[in-house]
Amino acid sequence: MKMSREVPVTAFQGGEGLLPAYQRLVREKVIPYQYQVLEDKLEGVEKSHALENLRLAAQKNRGEALSGEFYGMVFQDSDVAKWLEAAAYSLGQCPDPALEREVDSVVELLAQVQQEDGYLNSYFTVKEPDRRWTNLQEAHELYCAGHLMEAACAYYEATGKDRFLKIMEKNAGCIYSHFMEECPQGYSGHPEVELALLRLYRASGNEKYKELCAHFLEVRGQSPNYFIEEKARRGWNVWGPTGNDANDTDYTQSTLPVREQKDAVGHAVRAVYLYTAMADLAGETGDQGLAKACRALWESVTHRQMYVTGGIGSTVLGEAFTVDYDLPNATVYAETCASIGLIFFARRMLQLEAKGEYADVMERALYNTVLAGMQLDGKRFFYCNPLEVVPGISGKAATQRHVDPQRPAWYACACCPPNVARLLSSIGSYAYGEGEKAFFIHLYLGGAVKSSQGWSLSCETDYPRQGTARFTFHGQAEAALAFHIPSWSAQTCLRVNGEEQDLGALLQDGYAYVARSYGEGDVIELSFDMAPYKVYATSRVPADTGCAAVQRGPVVYCAEGVDNGGDVLSLSLREGGALWEKPYDPGLLGGIVPLVAEGWKARPAEELYTRQRPPREAADIRLVPYYTWGNRGENQMRVWLPEN
C-alpha cells in the first residue's frame, strides 16, 4: 500500500515566495487570460474555439441547426477541461464568486453536450456521430474524458459541488459499459483516462472506476495489438489520408504489456501519463509487479533520457524518447507537458516509497522546464524547451523549425498552457504527503498546510532564491515530520527550536525524519547550501562532451545574449574558474539571484574555417535562471557551455 497520499489542495494556503507568487499570477492573470482565449475574444492570438465547439455540440443534441463548424484539434475539449481544473484549484485556495459562476456556466454547457447514455465529446457529436469509439489510436476520446474527470474531481474537492462530478460519473459509466462489455480489448491511444479513473474512484468511492483503470492497463500491449487490428478495419483517419502509423507500437507504449515494459519509448507525454497511472494503481492495490515495472521505467527516464533541466522527449519526430543518452540541446523537443507528466509520475512514486530522488526530479522539472514554459507575465508559452537557441537558426532551419526563440501567445495544439496553470495552482498538494507514520515535506514553498490530524505547519521561505525554510508547528501532537533533503545540497543544517540536529542520524533515503512531541510554536529550521556549482554530463551524452552547466540549488542557469554582448556562442567557462553570486535583484526577471562565471570570450573568425585558433580574452560570463530566459526579446541562449 501507499507510503503516503497527497494532501488536498484545500489544505494548503499560499504565503510568500516564488511558487506562491506564481499561484497568484495564475489566479489573477493566467486563468482570466486563458478563458478569453477559449472564448476567442483576444485579437492576434491563435483561435481556440473550444467553448464554441461545445455550444455546437449542445445545439446538435437539441436537434437545432448548427451555427458554425467544429474548429481545432480532435482533443479541443481537453483545453477546456484543464482550464476548469486550474480554476477549481484556484477556488480551493481563494474563493472568487465571479470565477465560480464562469466554471458553473461551463459545467452546465457540458451537461447539455452529454448524451443520454453518458457519452460526452464535442468532436464526435458534431463531426463524426457514427464513429464513436472506432479510432481509439488517434481520436483522443478517452483522453478528453480523462481530463474532464480530473477537472470534475478537482471542482468537487475545492467547492463540494457535485454537479460536475455526477456528469463525469455518468460518462465513466458509459465508458465502463462499452469497454468492459462491448470492446474489452480496447484502450486509449493517449493515456490519461487511466489516472483520471483512479481520481474519480477516490472522489466517488465507486470501485468500478478502479476496476476499469486496471482493465485498461492490463489489456494494453497484449497480442494481437489492438491498434493494428483497429486500423485495418476502421477505414478512416483523424490525421490526414494515412493517419498515424499503427505499426509504431512504441509510440503508444503498446509494444509490450505494461508489466514487461522496462525502457521508456515513444511519445513522452503519453509515456509518463501511463507510468503515473501504473504507479498510482500499484499504490492502491499493493501490486508489486506494477511497482517493479514503474521503478524500471523511472530509471530509464531519469537516469538515461532526462535533460539537466528536467526536460524529457528529445526529438520532434513523434514528440518522443529516442535512445539512451541522445540529448541534443538545439534540436530538443522537451515538451512542457512532458515535464508536467514527469512531476505526476514522481509524486506517485513518492507515494509508493519515500525516496529523495523522486522529489529531486520533481523540483528539477518544476523549477526549470515547467516554469520556463510560461512567460513571466503569464500570457505567452513555450511548447518546446530548448537548451540552446540561436535566432536565425532556431525556428527556421528545417531541423529546428519546432524550436521557438520566443514564446507564442497560444497554439493550435494548446495542451501546454492550461497544463501549466493546473499544475501551479495545485502545487501545494505536490509539496506535502501524509502517511500513517510520517508527514512528508517534498517541496519548500511559503504558506500553511493542515494535516488530517488537526495540527498544521506554516512555512516562511523564499526558496529557491534563498536556501532557508522556517516551519512553525501549530497545535500539539506526537508526530514525525519527514523533510526532503535535496541531493544537491552539500551542507544542510536542521535545527529544532534553535538546537542543531545530527542530520546523519535522521536521514533515510533523502528524508530527515524528525519524530517528537510537538507543541504550539515549535520551530524547525532548514538551511541548504546554495553555493553555485558546475554540473557535468556523463561522457555517454555526445551533445555535452567538454561542456558544463551551472546550477544553484535546484535551479539551472543559462547565458543569454542580452547579458553577454549579444553573443553566447563565443563564451567558454574557465576550467577550475570561480562562480559567484550577485546580490538578489527584485527588479530583474521577477526577482532573481544573478550569477557570474569566470571564463573566456573568443573573437569569431570571418572565414568559415581557419587554421588559426580564434584569439580569446578573459571574460565574466553572466548567467540567469533558465526559467527566466526569453523574457527580454529574441536573443541567443545556452545552458551547456564549453569548458577549457
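The model is predicted, so local features need pLDDT of at least 70 and side-chain atom pairs count only at pLDDT 80 or more, while totals for chains, interfaces and linings use all residues. Residues are numbered from 1 along each chain as its sequence is written, and side-chain values use heavy atoms, with hydrogens and water left out.

**Cavities**

- The structure holds three cavities of 30 Å³ or more, where a cavity is a set of points, on a 1 Å grid over the protein atoms alone, at which a 1.4 Å probe fits but cannot get out.
- The largest cavity has a volume of about 140 Å³, a volume being the space filled by probe spheres set on grid points that are joined across faces, edges and corners.
- Lining residues have an atom within 4 Å of a point; the largest cavity has 14 of them, and Glu-150, Leu-195, Phe-344, Arg-347 and Tyr-430 lie nearest its centre.
- Two or more residues of this lining come from each of helix 3 (76-93), helix 8 (193-204), helix 11 (268-285), helix 13 (336-352) and helix 15 (416-425), and helix 13 gives the most, with three residues.
- Helices (H or I, at least four residues) and strands (E, at least two) are DSSP runs, numbered from the N terminus.
- By class, the lining of the largest cavity has five nonpolar, two polar and seven charged residues, where Ala, Val, Leu, Ile, Met, Phe, Trp, Tyr, Cys and Pro count as nonpolar, Asp, Glu, Lys and Arg as charged, and the others, Gly among them, as polar.
- The second largest cavity holds about 60 Å³ of space, and the residues that line it include Leu-18, Arg-465, Arg-552 and Tyr-627.
- The lining of the second largest cavity has eight nonpolar, no polar and two charged residues.

**Second largest pocket**

- The second largest pocket has a volume of about 560 Å³, a pocket being an open set of points with protein on both sides within 12 Å along at least five of seven lines.
- Of the 26 residues that line this pocket, Thr-302, Met-306, Tyr-307, Val-308 and Arg-364 are the closest to its centre.
- Helix 12 (288-304), helix 14 (356-372) and strand 15 (533-535) are the elements that give two or more residues to this lining, and the largest share, five residues, comes from helix 14.
- The lining of the second largest pocket has 14 nonpolar, six polar and six charged residues.

**Helix pairs**

- Helix 1 (residues 18-38) and helix 14 pack at an angle of about 30°, with their axes 13 Å apart; axes are lines fitted to C-alpha atoms, for helices over the stretch in contact, and angles run from 0 to 180 degrees between N-to-C directions.
- Helix 1 and helix 14 are therefore roughly parallel to each other, a term for angles under 35 degrees.
- In contact, meaning heavy atoms within 4.5 Å, Leu-18, Leu-19 and Tyr-22 of helix 1 meet Leu-366, Tyr-367 and Leu-371 of helix 14, and this contact has six nonpolar, no polar and no charged residues.
- Helix 11 and helix 13 pack at an angle of about 15°, with their axes 8 Å apart, which makes helix 11 roughly parallel to helix 13.
- Among the residues that meet between these two helices are Val-272 and Tyr-273 in helix 11 and Phe-344 and Arg-348 in helix 13, and by class the contact has 14 nonpolar, three polar and two charged residues.

Key
Parallel < 35°, antiparallel > 145°, perpendicular 65-115°, else oblique.
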